[in-house]
Each structure stands twice: as structure tokens, then as C-alpha cells.
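User: Please take a close look at one part of this model, the contact between the two chains. Then place it against the strands and helices of each chain.

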Amino acid sequence: MAKLGVNIAGVSFKNPVITASGCCGFGREYDKMYPMEKLGGISLKGMTIRERQGNPPPRIAETPKGMLNSVGLQNPGVEAFLQNDMPFLEKRDTVLIANVAGSTLEDYCAIAERLDSSKIDMLEVNISCPNVKEGGVAFGTSCASAGNVVSHMRRYTTKPMMVKLSPNVTDIVSIAKAVQDAGADAVSLINTLLGMRIDIATRRPILHNNVGGLSGPAVFPVAVRMVWQVASQVSIPVVGMGGIEKWQDAVEMMMAGARAVQIGAALFYDPYVPLKVIEGIDQWLDQQGVRDINEIVGTVKPW
Amino acid sequence: MSYIQSLFPITAKKELAPGIFDYTVYCPPIASQAAAGQFVHIRADGFTLRRPISLCQIDRQRQTIRLVFEVRGGGTQEMSHLSVGDSMDILGPLGNGFPLLSPENKVIVVGGGIGVPPMVETAAHYGKNATAIIGFRNSQAVILKSDFESLGCDTRLATDDGSAGYHGFVSGLLKERLEQGPADLICACGPMPMLKSVVSIAQQANVPTKVSLEERMGCGVGACLVCACRTVRDGKEIFTHVCKDGPVFDGDEVVF
């Protein structure tokens, strides 16, 4: 039995597998299939200071080896979350990561402040949602605005802050460095890639929002590349995600430099993927004679 | 309510009409707890998203479920290639079904096109006390008529082109049926314009309705929030979700 525990920004995870924001709700649904305690952590559905209704349907479309979504951050707002969902989550022995988003700098700060006294273990700062008209990715596409969000939030929270980065930028490394310099404790990447599908019969985009975020196995190589580039240029921990569907993908992502991984779209076709990945990594480490998962992080040998 | 995901063997397969497939799957854990109007989420090999299919019939004795679906795109095409003896990857049972009143109640089930299959299990509960109003594009597309008849339902058929049964929409047959006598509940599944007219006719006759909705779906369990539908709850228009809050809604709360 190899040691599977990892530490990210002072938070201990029992294993490196986290469910990705937006794919696992507030944990209740998949808890009906297996206990959430088995996961290293849960990145909760993106939340905002006030309730949001999200975008009109259709909000999802199949794509080759993937999917597009444009939910638009539908969520009940932080107060309703704390009242209705936090009591359930608090009892679960797994790392709770609140994914927080806003339309304004003040929104980000207010939600950080509101969660500071909660039992949330870590904040994932969502400056990369492609599906909202205001805020979201607008904060994540320039170094100045990304850094600004982080340095302002820092004044309102004592929780570790992991910043979720958008791949829809010219140079993701410079954004990662900017948030590191502004006080981020970790980065997670990648959020979805902006995409579009059109129904040729109706000439309408399938998504009502016209465009949406691409995820699933199709984006995996892009994610590995970006994790590798970022991990080699920042000193804070990197959490890798984008298209992971089997344990080999998780190992690959960790070799690229990720300290932990998140799994999202794969849950939709196989809800048990996170457990299979944990088990697969465990067996592989034993076969390899590796005693501690941390020993594989960043061990890619570039040509 | 818990749900499970696993592989289950297909025990029978038929093509009911061009592109409409009828599968029986041996699925004890779902057959034992599923209810009329619930759905299962089927994995199509090579596709990221599962396809939601309403339960057509649930046989607790034989521990089977019956699924009838139409080939609409690549995913359902792939599913239609499965044969007897193959396994189907099923997640379910999911969602909230139709309420079942005591069987003496007079209930009208209304189905349009591929919205007809989900009405069979509900009709079976009421048997001869049910009126089944089913509508299709034309005579070639007619499915499951004999199923409703053998359950003892007063079965009324409509086709858009008049090539079989009543010439017109199910709404015409529904008005006719309501003029003939009272009903305690109307349950319906079909295209949105059909559901809209069913609800409006029922409201005029003061009969409560339950309608089963459809929307492009992701997880199927309420986690991803993609299958949004407009509903009015507590006087406020909000996006609820077909998979978790539905697929069956009060006709009065749906914003058409």
C-alpha cells in the first residue's frame, strides 16, 4: 500500500482525486452511490453571493469525445448553501473546496468573507467561467485583473486560495505567475475551452447561449500541456484537470506536474470513475514499487 | 431513493416502427424499486453523455424493465445496435414519476409520438378506468396501441394526417373525452406544443394534470444542472431540473 495522501497549500487530502466543480453539485447526488469520504476532496458547484438562475436551456451538447456546457453558474447563493448544504457536507470526512465566482470584485471579496468562518477547507477562485456575461472569465484573461481579484480577496479570507485558470488565453503561464505573485496558494487548471456546435437542420447553435465550455477526454492533451507549462514555471502547487477518465490519465497529469487531479465530465458516463482512478493509481504504485504518490509529481522527462 | 449503475442483459428486442426500438432488460434492482414515469440513463458506447429513456413498463415478477426509444442521433443509433444477450449500461431509476391514485379513479393518459411509451405503465395501474389517448404522425408511426387495449384501457388513436384513427391532434380527442364524462387526473408526455394544449384544455375543465418533460441532459441525478426547465414555484419563475425535480411536473407549474 503506497502512501496516497497529498498536501496542497497546507490542506491534507487523503488521496489526490477531487471531483471537479459543476459536475458533483454539493455532493448529495453521488453520495447516494458511494460515500463522499472516499474522495480526496470535492470542488463544490460554483457559487455566487446571490442566487443565480443560469442560462436558458439547452445547456449541453455532445461533442466528439466530449461535451459542451453553458449552465451559467446556476446556484442558490452562498447563504442558502451554508444553510441547506453545508450541514450535510460538514459531516463528510473529505476536503471541501468552495468554488467561488462573481460579477464584480466586491462579489468575490464578499463571498470570501462570508465563507471565512465556515468549515470550508479551501477556496477555488473561479476567474475562468466562460458561460456568464459579466465577470467570470473576464477576470481571468489578463494578468492585472486576475492578480487584482486574488490580492483583494486575500484581505477577506484566511482560507487557502486556489485559482482556477482559463485555457482561453494567449499565455496561461503569465496568468499563473500573476496570481502567484498576488498571493494565490495554488492554481487549478484547466477550466473548459470555449466551443460551439450548430444543428445543421435548424441552423441554430445547439446551446441557447450559442457558445459553451468544452470538457471531456477531447481536451485532455491540451490540459496536460498547460499543466506541464505552468507547473514548470510556478512554485505553488498545481491541481490538474481536463478530460481525465482513467487512472493512467491521472498518473500522466501528475507526471506533468499536478499535485492532485480533478475529475468532471467522466462522472456523467461513469459515476464510479473517481473510485476506479484511486484504486488504479494505488495498484500501479505498488507494481512500480513507488511508496509515495508525491514521488511521481513532475517526473516527466522532457526531450 | 437510491440509484445504481451497472450492466444488465437484454432479454428481448423488437423494432416497433421504423427507427423505434423496444428492449426488455433483466434488471432486478431497478425493476424492484422503479415507478411509472421514472427514467433510466443509458450509456451509448463511445459517447460522453448518457441518453435518458423513460420506463415503458416495469415487471416486478420477471424483474425486467421495458424501454422503447426512437433513433434520433448518434447515441440512440448506437444503442439500437445492441442485441439480445448484450449488456446495457444503465443508471437508474431516476427522477420522479407520475402519482398513482387508487385504481378506481378515472384517469386519462395522453401520449404523443415517442411520448407514448412512458404512459403504458401508468395506464396499466388504472386498467379499464383509464382512457389512453395516443397520437402519431401517421399510421406507420403508430406504436403500442395493442398494449393499451390489452390493459383494458379505452384506447383512442389520432394521426396528424388521418391515415389511422381520428384525423388531427390528441387535443381534439381530449376535448371529446372530457365532454363525455369527468376525469380525476390527466397524465401526459409528448412534444411541448402538445403538452401546452393538454394543460390548457385540462385547466378549462378543472382537471389536474401531470406532464413529463424532456430536455438535453447531463448527469441525470441533479448534480450538473444542465437540464433546466422553466417552472413557477411559490409564485416565482425559476429554472428547475428535469432529471431531479421532474421529469413529471404539475401542468400548472410549467412555463410553456
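Analyst: What follows starts with the interface and then moves to the sheets and a few backbone details.

The model is predicted, and the values below are computed from it.

Chain A brings 31 residues to the contact and chain B brings 30. The size of an interface is often expressed as the accessible area lost when the parts come together. Here the two chains, chain B and chain A, bury about 2700 Å² between them, and 58% of that area is on carbon and sulfur atoms. On the chain B side, the residues that lose the most area to chain A are B:Thr48, B:Arg216 and B:Phe239, which together make up 24% of what that side buries.

By the rule applied, 14 residue pairs are in polar contact across the interface, with both residues at pLDDT 80 or more. In chain B, strand 1 (4-17), strand 13 (228-233) and strand 14 (236-241) each give at least two residues to the side that touches chain A. Strand 14 of chain B supplies the largest share of that side, with four residues. Sorted by class, the side of chain B that touches chain A consists of 16 nonpolar, eight charged and six polar residues.

Three salt bridges are found across the interface of chain B and chain A, while the structure holds 24 salt bridges over all chains. One salt bridge links A:Glu51 and B:Lys236, with 3.3 Å between the closest N and O atoms. This pair crosses between chains: A:Glu51 sits in the loop between strand 4 (41-43) and strand 5 (60-63) of chain A, and B:Lys236 is in strand 14 of chain B. Another salt bridge joins B:Lys244 to A:Glu29, where the closest N and O atoms are 2.7 Å apart.

A:Leu68 has A:Leu214 in strand 14 of chain A as its bridge partner.

Chain B has an open sheet of seven strands in the order 10-9-8-7-11-12-15, with mixed pairing. Strand 10 (166-167) and strand 15 (248-250) of chain B are at the edges with a single partner strand each, so one side of each has no neighbour in the sheet. Strand 11 (residues 185-189) and strand 12 (residues 209-212) of chain B run parallel and are joined by four bridges. In this region B:Cys189 stands opposite B:Ser212, which is in strand 12 of chain B.

Two helices of chain B lie across strands of this sheet. Helix 3 (residues 119-126) of chain B lies across strand 7 (107-112), strand 8 (130-136) and strand 11 of chain B, and runs at about 160° to strand 7. Helix 6 (residues 192-204) of chain B lies across strand 7, strand 11 and strand 12 of chain B, with an angle of about 170° to strand 11.

Some backbone details remain. In chain A, the peptide bond from A:Leu189 to A:Ile190 is cis, with omega near 10°. In chain B, the peptide bond from B:Gly92 to B:Pro93 is cis, with omega near -10°, and B:Pro93 lies in strand 6 (residues 87-94) of chain B. A:Ala9 has a positive phi, near 55°, and is a residue other than glycine. The place of A:Ala9 is the loop between strand 1 (6-8) and strand 2 (11-13) of chain A.

Technical notes
Residues numbered from 1 in each chain as written. Chains lettered and ligands numbered in written order. Predicted model: local features only at pLDDT ≥ 70, side-chain atom pairs only at ≥ 80, totals over all residues. Heavy atoms only, no water. Contact = heavy atoms within 4.5 Å. Buried area = accessible area lost by both parts, 1.4 Å probe. Salt bridge = Lys/Arg side-chain N within 4 Å of Asp/Glu carboxyl O. Polar contact = N/O pair within 3.5 Å; in protein donor to acceptor, adjacent residues only side chain to side chain. Nonpolar A, V, L, I, M, F, W, Y, C, P; charged D, E, K, R; others polar. Pairing = 2+ DSSP bridges. Axes fitted to C-alpha atoms, helices over the stretch in contact; angles between N-to-C directions.
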